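Let's take a friendly walk through this structure, starting from a single residue and ending with the whole chain.

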Amino acid sequence: SFRCTLTNIPQTQALLNKAKLPLGLLLHPFRDLTQLPVITSSTIVRCRSCRTYINPFVSFIDQRRWKCNLCYRVNDVPEEFMYNPLTRSYGEPHKRPEVQNSTVEFIASSDYMVKKNMIFEHFFIFIFLLCSFVLLSLRLPGDSRTRIGFITFDSTVHFYNLQEGLSQPQMLIVSDIDDIFLPTPDSLLVNLHESKELIKDLLNALPSMFTNTRETHSALGPALQAAFKLMSPTGGRISVFQTQLPSLGAGLLHSREDPNQRSSTKVVQHLGPATDFYKKLALDCSGQQTAVDLFLLSSQYSDLASLACISKYSAGCIYYYPSFHRSHNPAQAEKLQKDLKRYLTRKIGFEAVMRIRCTKGLSIHTFHGNFFVRSTDLLSLANVNPDAGFAVQMSIEESLTDTSLVCFQTALLYTSSKGERRIRVHTLCLPVVSSLADVYAGADVQAVVCLLANMAVDRAVSSSLSDARDALVNAVVDSLAAYMSTASNLQQSMLIAPNSLKLFPLYILALLKQKAFRTGTSTRLDDRVYAMCQMKSQPLVHLMKMIHPNLYRIDKLIDESTIHVNDRVVPQPPLQKLSAEKLTREGAFLMDCGSIFYIWIGKNCDNNFIKDVLGYPNYASVPQKMTQLPEVDALSSERTRSFISWLRDSRPLSPVLQVIKDENPAKTDFFQHLIEDRTEAAFSYYEFLLNIQQQICK
């Protein structure tokens, strides 16, 4: 839930500057938890001065007084807090669950409400497709009050009256897109349970309603304006499915991509929005507690840099399917179906605000993620979901010489889909150190890399991609040079890194070869922008798989050591280096990239493995577009499926599977992830290390 780039906090800003490492936090505040202590008592104990919630790192001066761990104020212990509901004993406030757990959730009183009678309102803006997927997933969170509505659009905007009592859905068309209005404001959002049959009828009818249309225009802006008008009274969630550049009405966009520049090593333009229409509308939505989630299914340039603003600033999320086609691209179609299922059924928090507090002396100066910053330390999140990650950068404003510990606390106040107001609180406590060696020893290299990735995206948009790339390389050069200068007995001809940062150059090289930051390799502008959106909104664990995937050899799983998980035997193959030299023609390899699994089959792979695991007699008969493993009654099949489902269980979005042979076009994607190898445009890992060493020794 909470990771700091430095697990030993430097005592002063001067010491932090010397270490040349960024100080910041990576947060995953609303993630799915199997265990969460929920506190129902009517008294929520907080510091009277800085409003910190009582937590395991406060100190009790005596039974009646506690000292805040952030501002050091001494507070009284309320009478009710003296009783412990778990042990049913009196006089042991230090044993209460709030003081025993670093993550807790409080059920808040009505004083914490934003809008009374919050109802889960869900609004879909469709193009045409997807209806069958949504039909499969009409198990939205919420209660019997959940309301839902639909809009479709081309050059006009179409509304659907689904009022209970109608024999069939009624379509209402508004053609004046320059002055959009709601034709029947009261019957466009309907109760999901009361109008379920009409909703099903509409979803079944929609695909055939537009099959013969000659329309090619897209009035996305006016459709969004209409949805905003409809949602404003209550707030909720708008889901937008878009397949092209918006071409009519407010927010229309023009193509800004020059395909000839896709593999440029020089300037990459148009990483920022072309218009402020989508940002302004997002801020209006955020003000009315409405988030907009964007699903972009497009094979042509759609200017995601502009469209993404609608989700970024309203605390929504962005999904992108670049070459979506139901029959020609079954892997993408399956990914959309799995993503939608998760999206429509996962937990959701409405009207949320998040505040991060830290010990006196520390200050937060930059936030990363999808939200709107309402005041210096308050993030406004119209919706919060369990798959959203955030990052913050910090500095040390006053020396921490008087304390041996610092604490960070994040409090997320939200309304559940059942209408309950809740506060989820996470508290982290870390030691303060005064030596540079201790600062390096406590560096969390993955957190450092993810924070730098966020900072590099901002740099690429505000300055240039080459500046962002230089800054990433300099981060490695400067920190390793600083470390080497502290150890005077080292030979300057060697590249030395502290244990904690051994993988730092590898991860930064991987980041430079990522779609967001790579140059010299053909990269579509929307693909690049989407990778940047991911960097800014993915939790650390998912982001790391995207940056540096895991590679395993899987054709000899029967011989590997195993672990037992819920009656399942799960093999544990060792991780392989991301290099083509590890791929043998006789083997089969699984690459876990977070949202996709690639299985690469070598030309001379054992036929028994191909028969038992893939269900085909030999290499030649394995088809090009294979996305499922069959259930074969053989030990190697069972072990392979068990290993893959164990990997799948560790993440919310179920990854799709793609089997790859040498002649498969998807082979390029697979080989681009082998980041230790040299490409025409980029160093191998060995060359990168030599380059870092040369820069340090200059």
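## A proline in a loop

P183 counts as partly exposed because its relative accessibility is 27% (buried is under 20% relative accessible area, exposed over 50%, partly exposed in between, with a 1.4 Å probe and protein chains only). The model is a predicted one: local features need pLDDT of at least 70, side-chain atom pairs count only at pLDDT 80 or more, and totals for chains, interfaces and linings use all residues. Residues are numbered from 1 along each chain as its sequence is written, and side-chain values use heavy atoms, with hydrogens and water left out.

The loop that holds P183 runs between strand 14 (170–174) and strand 15 (190–191); strands (E, at least two residues) and helices (H or I, at least four) are DSSP runs numbered from the N terminus. Leaving aside residues up to four places away in sequence, P183 touches F159, L172, V174 and L188, where contact means heavy atoms within 4.5 Å.

I173 lies in strand 14 and is exposed, with a relative accessible area of 53%.

## The whole chain

In total, the chain has 19 helices and 32 strands. Of its 698 residues, 57% count as buried. Among contacts between residues at least 6 apart in sequence, 73% join residues at least 24 apart.

The C-alpha trace spans about 80 × 70 × 55 Å along its principal axes.
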